[in-house]
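We will take the stops one at a time.

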Amino acid sequence: MSEFRASEFLDRISKLSPQRLALLADELNERLEASERRRRVPLSIVGIGCRLPGGVHDPEEFWKLLSEGVDAVAEVPPSRWNAEEFYHDDPDTPGKMTTRWGGFIDDPDLFDPKFFGIAPAEAISMDPQQRMLLETTWEALERAGIAPSRLAGTQTGVFVGICNGDYSQVMLNAPREAITPYFASGLSHAIAAGRISYVFGLQGPSLAIDTSCSASLAAVHLACQSLRLGECDTALAGGVNLMFNGELDGNAWGGGACTTLDGVYACTRVTWSPPWSFANLAPLAHEMGHGYGLPHSNNSDGDSDTYDNPWDVM
């Protein structure tokens, strides 16, 4: 079929006059240039919402933590799991981890479901990752100066990087009577993105992306592509990772600090730390007229030392 269409096209243009061919060439060049301009249009972050270790609840607190050099790594809170039960200093001991440390956010159990029009019975079955995505989305829009109601019915995309499913194990270990009709949707990663689109009435792309540690980067990358392709006018992008279960997070090990890329992939001490951040992205020439520049990439280093080594970009 493609060969027939190409032949038909060549046959048709062969019958055009030189003037018509010149006009066609100009039109095709304009389309190509417009496509290239869209592909390179600068983008910016116009609003941020976040929950991060060290008691960080907004970008100002995050900047304060960074500028003061605060170490937000702490011992595993008893509300997550019993660190002593899972700890052993010998890394060869089965079923154990060699660290008592991690990066943990405050109060992951707190949520106001009625604010988002969610029934309390449904909220109980919702993964806290879904709950905090709603909260940080609202905050990102507030910081961008956008009333959430303004986005209802618009081509606003949602791109969520998410890979952790600890809460599903917590729910599966609960009494059978605790399982409700909201169980499946409350634990679904796809619903983590879809619920944002539903609650805010957004009609652009809505995707959950799992590329493990790079999930939030991949989400931002896809959001940028979607904006430049014209699939959405504004995009919400970010990542979440919340740890509840020492059994599932048992491959954390080391002395409480991460030295990734120190020397030749000397990833000798690993501590899990959950990022909670959501950003509102828009073209730089957006009506809001403010924002932060947005570099991004999404590559793998292929057949390297191990599949979980980060890509050396230095």
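On this tour, a residue is called buried when its relative accessible area is under 20%. Keep in mind that the model you are looking at is a predicted one.

**First stop: helix α10.** Select residues 215–228, the 14 residues of α10. From first C-alpha to last, α10 reaches 20 Å, close to the 20 Å expected at 1.5 Å a residue. How many of its residues are buried? The count is 10 of 14, so by the under-20% cut-off α10 is mostly covered. Colour the buried ones: Ala215, Ala218, Ala219, Val220, His221, Ala223, Cys224, Ser226, Leu227 and Arg228. Then step just past the end of α10 to Gly230, where phi is positive, at about 80°.

**Next stop: Gln130.** Select Gln130 in helix α6, which spans residues 128–143. Is Gln130 buried or exposed? With a relative accessibility of 3%, Gln130 is buried. Now show its side chain and look for two polar partners. One polar atom of the Gln130 side chain sits 3.0 Å from the backbone oxygen of Ser185, and a polar contact of 2.7 Å links the side chains of Gln130 and Arg195. Leaving aside residues up to four places away in sequence, Gln130 also touches others, including Gly186, Leu187, Ser188, Ile191 and Ala192.

**Last stop: a surface patch.** Switch to a surface view and select Phe62, Trp63 and Leu66, which make a nonpolar patch of about 340 Å². Leu66 belongs to helix α3, residues 59–67. With a relative accessible area of 46%, Leu66 is partly exposed.

Conventions
Residues numbered from 1 in each chain as written. Predicted model: local features only at pLDDT ≥ 70, side-chain atom pairs only at ≥ 80, totals over all residues. Heavy atoms only, no water. Helix = DSSP H or I, 4+ residues; strand = E, 2+ residues; numbered from the N terminus. Expected span 1.5 Å × (residues − 1). Buried < 20%, exposed > 50% of the residue type's maximum accessible area, 1.4 Å probe, protein only. Patch = residues over 30% accessible without salt bridge, like charges linked within 9 Å, V, L, I, M, F, W, Y side chains within 5 Å. Areas by Shrake-Rupley, 256 points an atom, 1.4 Å probe, with all protein chains shown as cover. Salt bridge = Lys/Arg side-chain N within 4 Å of Asp/Glu carboxyl O. Polar contact = N/O pair within 3.5 Å; in protein donor to acceptor, adjacent residues only side chain to side chain. Contact = heavy atoms within 4.5 Å.
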